[in-house]
Every structure is written in C-alpha cells, then in structure tokens.
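Please look over the sequence and the model shown here, and then read the briefing that follows, which is grouped by topic.

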Amino acid sequence: MAAALLLRGLRSSASRARHAFPSPASTPSLFASSLRHRLYSSAAASTATSPAFSLGGVTDPARIRNVAVIAHVDHGKTTLMDRLLRQCGADIPHERAMDNISLERERGITISSKVTSVPWKENELNMVDTPGHADFGGEVERVVGMVEGAVLVVDAGEGPLAQTKFVLSKALKYGLRPILLLNKVDRPSVSEETCDEVQSLVFDLFANLGATEEQLDFPVLYASAKEGWASLEYTKCPPDGAKNMSPLLDSIVQHVRPPKADLEAPFQMLVSMMERDFYLGRILTGRVTSGVIRVGDKVHGLRNTVEGVQKIEDGKVVKLMKKKGTSMVVIEAAGAGDIISMAGLSGPAIGHTVANPEVLTALPAVELDPPTISMTFGVNDSPLGGRDGTHVTGAKIGNRLMAEAETNLAINVLPGPLSESFEVQGRGELQLGILIENMRREGFELSVSPPRVMYKTERGERLEPIEEVTVEVDEEHVGFVMTTLNNRKGEVLDMGPVPGTIGRTRIFLTCPSRGLVGLKGVFNSHTRGTGFMHRAFQAYAKYKGPLGTVRKGVLVSVGKGSITSHALMSLEARGTLFVSPGMETYEGMIVGEHSRDSDLEINPVRTKELTNIRAPGKDENIRLSPPRLMTLEEAIGYVASDELIEASFVTPKVIRLRKKYLDANKRKMMKNKIDK
C-alpha cells in the first residue's frame, strides 16, 4: 500500500507540473475549421449572451464536455446530480430529480440512464446519470460511448465494491479518463487516513483493470453530495463561501477533453436511447458523431447486418430537442459532439445509425455483455386467470415484450417452449422483476417461470456464469453467511473487518449465479436489514456441481374455493402460511411453506361440520398468525423449477404461486419421468 501511495504521489506531482505549464498544442482553438470559422465569427456579438458560443443552436464542440456519472449502488450518484443541477441554476422540483420513473422514486434506485445538459462558465456540460445496480449494467454499457469522461463516485467509508469494478472497467475500455470523487466524507467514521486508503484501493483497481498511464493519473476530489459541496483538498467542513460544487465542475472542464468533431462532414448519429411519444412517435437520442443536423433535413436509418449495411427507412427530421436541466427544450439545429434527441423516423432503434442520405456507412454498435438468466413469460391459465388483468392474451404479452427489447438492449426475447409463451433473457432477478412490475401496472396478467441460469458449452465442457459478491454483516451473522454461501457453492476470496467500524465484517467471494437466486430475501430476513450484499458478473467458469438444499417443501392446495379459518387453524403447525381466510384458492395453488423438505398436499377450504346438536361449551376462538406476504422479487427467488408465479395488477400486495401442473396425478407422473 505504501508503494502504491508513493507512486500515486509521484504521478500527481508530475501532473501538477504539466498543468502549471500547458503546451500551446493542448489549447483548443475555436476556429479549427473553415465551417466553424463561418459559424462563430459572425456570432461575435452574441457570445456574451451565449456561453457556449452557439449560432442557430449549433454549439462549438470545443466548449462541450460529455461526462457520465458512474458508481456502485447507493454511493450517491443521483444526489450528486441534483446538487450539480442546482449549482448550474436548474429548477429542481424535488429530490432525485433525474429519476422520472415511478418505480425509481418508490425504490430509491436508478433503473435507466438519463442525459441532461447544464451551462458552466461558457461551457456546456452534457451529464449522463447511470444506474449503479449490476442488473442494469446494460444501461451503463450503451452510454459510455457517448462521453469522453466520467466521474467515478466512491463512498469514502465503504471504498470500491463489486459494481465499482464493473462500471470502471467499461469506462477504461472506451478510453475515458475518470475523475475520482470520494463522497460522504462528512461522515464521522471517515478520516483523512481512510480517504488515503480508499484512494490507494481505487488506484490498485485501475492498475488491475489495465489502465493507461494517463488514466492512472486521475484527479481526486472530496465531497459531500448530501450537503452540496466538493473540495480539491480533504476537509470535513469547507468555509461557507466554498460550500458548493464549483471545484467538481471546474475539474470536469479542465480534465475532460472536448469531443473530436468534424462539422464539415456529413451528419451521422448513433442511437443510444429511445422512447415513445404519443404525438411524435419514436424519439431517438444519441451523440452527433459528425456534421450538422437541422429541422427539416432529410435523413435515413442504417444498421449493420451479416450481409452488410442495410437501409431501414428514409425520412426527415420533424423535431430536434435537447434536455436542459429538468426540462426538454426544442432546438433548431445541433452539431457534432452534442447529445440531442430527434423525432421523424419510426424504424431505427438503439444501436442503429441516423445519417444524411449520401452516407451509406453505419456506425459500429455498442457490444453488451451477454445475459446470464432467463425466464418464461406466458398466459395465465390458472382457474383464477383472466379476472384481474385487461391484457391477458399471448399476442399482447408478446408485443409488449418486443417493445421492451427495442428500448432495452440488455433484454432478449425469444419464442418460448410452449405456444403463447416467450423466453426473456436478462442480467438478473431485479431487472426482470422490474419488467414484470411495469407490465402489471400497465394492466397485464401473466404467468412467470422461475429464473434459469444460461449455460455455455466450450470444447465439450459445461460453463456457468460466476459472480463477484461483496457482503458486509455484523459479526454475529458471519457464521450464517459462510454456511449459506458454502451450501450454494460460494468460495471466499478475502474476509476482514470494515475500516472505521466496530463489530462489522466484510467478505469478498465468488459464487455461481444459480446459487444467488433467492438469496437476497433470505439474507435480509436473517440479518434483519443490518447487512448488505452486492454482486456483479465476473466471467463464465466450469460448472461447480449441484447445489445443496436451498429451500424447504411447499403446502399445495387440493381444494377449490374460499379459504376458511377453521382449516388454517389445523394447518399452521405444518409450516408457514402464505394465505389468509377469505382468499380464493384452487387445486395446485401453493398456500404455504412446509416445515420439511418434501411437498405436502392440504385442503385449506375445509369447513366445520355442522349438526343439529347444541355443543355444551362455547365455540373455539380461532387465532391465526399473520401470513407471510411476498414481494415480486422474493417470489421470483423463491419458486422452484416445477412452479410458476401469477402476476396481475389488481393484487399488487399478494403474489399467487402455483405448481406448473395443477393436477396431483400429473405432477407425480412428470416427477417420475424426470427421475428416470
């Protein structure tokens, strides 16, 4: 560690010496091309009011900075974006202003990437807010190609974690030079020594990921996004006049290079985001690679195929827009290096190229990591199916999934094994759970299979996805974590105390993706919410063999009708119930978890037999324990391979689980067939 800090100090000293005597060649010129000279020399009178030296909406590329904010989940990206927007004069209606999806505000996570633009000292900063959860890594992969720099936010108390390595590897792969921002330095447990140790860990992470000499010489800032300030030097509380984000914004302008842009070349833009508007149709968002685009210009869509470049559609630009602050602003023109949105084409999607008609070459699309799990979506064919949702047919479910695959490249949709079923491939349980939740809120009713890991076969050897897992728990829960993960084929890489805390242990390990399915709910329940667990895809490795027992059996209903309290009173001793009196059930529905490893068939609709003989005493007072109600993510991780989930809009707090084959004899026959 001492050697790393010494090397880091030498690099920082050399960097300061270079910045103190800049070379003339490194200073950007505003008049590098004849077109740029024609555009901006005639706008000399308007430069006082237009900080980015723009004319007719075309911004000088030398005044543009495209930067992404990347970090591990809960390290403060979205809060930082709020403070940067406020610093630049944007109107922030509420906290987490960039999270415009209802599920993002409800769950406190960022699901999709967003782009906005803010002015700062005669420059225009195009900022991209990215998700921090590993399941939404595709959102990070598709936007890093739009920017020239990145702000790597790291919690000064926790240090770099699993997703930090993932997002940083993508940034370094595209040649970005990140700016390290140590956030949450105002916490009592964070000291200058802690920050130095975290900085050394980040430097080692850069080196292990193959960073270049320039990338290793990253600038370091200290900040408290919650309090709204950043500093070039370590401090717990800067002076009142320095409690702002100016040091970070100035560092972005200084260290992030302007885009390489040719305004004279024909127009080309790679589509990185897409959304739909009721009036405008498809709105395509991307970075202009070259040329200038204006409203009314003729364009066409291109895509790369196996046979070569294929034309998708001819059309013209109906509307040009740009996100400024928290509002969308209509513009008349845009130039190379800028990030804009356009409307007018209905064919191109994410990864396609929009260009002038004379351009016949498509830009290379972004390569995404392959999906690791899959689930089967189908029509809900249970006896209670069709009662709750408004979109219940296989055709409507398929159209909705295809539309999702167009806007989210990390999801693949393929025909399922049965008619009116579809195989949906993704990065994790949370990503597919968000998709199911969105469909439920839109009125869809469907059945969902448990997640299945996607294997590979190379040279006759079976490979499975392996993930890096970071666990932090109290010492009393370490034994449970070690036992549980060992049962799921986990391998511990490192374990030690958490710096700055007492009685906390951090464990680094690797585990097969199939072993992590359903672990989150069990982990949170046992640690009572005091521990955290983060994971990120590492690589494919040799199959590690079958897992141990990860779940007990279930209680399966053999009756149909309304559940009675009289029946549940005698069934409570058999296990944990998922239902309450008055709920509807049917044969094959799962109503609870058995206390043993085997499934048990029960009758929850049994009623008390009535006679004409008066009982000598009072009726028995029935008291039942509250049922265990699962969230959608918990249900996804709970169901076994022979079970399904029923998802509908009317029952947002009650998730119905069922056996794949409702008839008991059919289940026994299929089980015997598999055993043979």
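A search of the whole structure finds 31 salt bridges, each being a side-chain nitrogen of Lys or Arg within 4 Å of a carboxyl oxygen of Asp or Glu. The model is predicted, so that local features need pLDDT of at least 70 and side-chain atom pairs count only at pLDDT 80 or more, while totals for chains, interfaces and linings use all residues. Residues are numbered from 1 along each chain as its sequence is written, and side-chain values use heavy atoms, with hydrogens and water left out.

**A salt bridge**
- K121 forms a salt bridge with D250, with 3.1 Å between the closest N and O atoms.
- This pair links distant parts of the chain, 129 residues apart, since K121 lies in the loop between β2 and β3 (123-129) and D250 in helix α9; helices (H or I, at least four residues) and strands (E, at least two) are DSSP runs, numbered from the N terminus.

**Helices α3 and α9**
- The axes of α3 (residues 77-87) and α9 (residues 246-255) come within 10 Å and cross at roughly 90 degrees, the axes being lines fitted to C-alpha atoms over the stretch in contact, with angles from 0 to 180 degrees between N-to-C directions.
- L80, L84 and Q87 in α3 meet S246, L248 and L249 in α9, where contact means heavy atoms within 4.5 Å.
- The residues of this contact divide into four nonpolar, two polar and no charged; Ala, Val, Leu, Ile, Met, Phe, Trp, Tyr, Cys and Pro count as nonpolar, Asp, Glu, Lys and Arg as charged, and the others, Gly among them, as polar.

**Second largest pocket**
- The second largest pocket has a volume of about 1,100 Å³; on a 1 Å grid over the protein atoms alone, a pocket is an open set of points with protein on both sides within 12 Å along at least five of seven lines, and lining residues have an atom within 4 Å of a point.
- Its lining numbers 38 residues, of which I101, S112, R142, M274 and E275 lie nearest the centre.
- By class, this lining has 15 nonpolar, 13 polar and ten charged residues.

**Cavities**
- Four cavities of 30 Å³ or more are found in the whole structure, a cavity being a set of grid points where a 1.4 Å probe fits but cannot get out.
- The largest cavity has a volume of about 130 Å³, and its lining includes D135, F166, R427 and R535.
- Strand β27 gives the largest share of that lining, three residues, and the lining residues divide into five nonpolar, two polar and five charged.

**G496**
- G496, in strand β25 (residues 491-497), is in contact with R504, T505 and R506 when its neighbours within four places in sequence are left aside.
- G496 and F508 are twelve residues apart in sequence and 9.0 Å apart in space, C-alpha to C-alpha.

Notes
Grid points are joined across faces, edges and corners, and a volume is the space filled by probe spheres set on the points.
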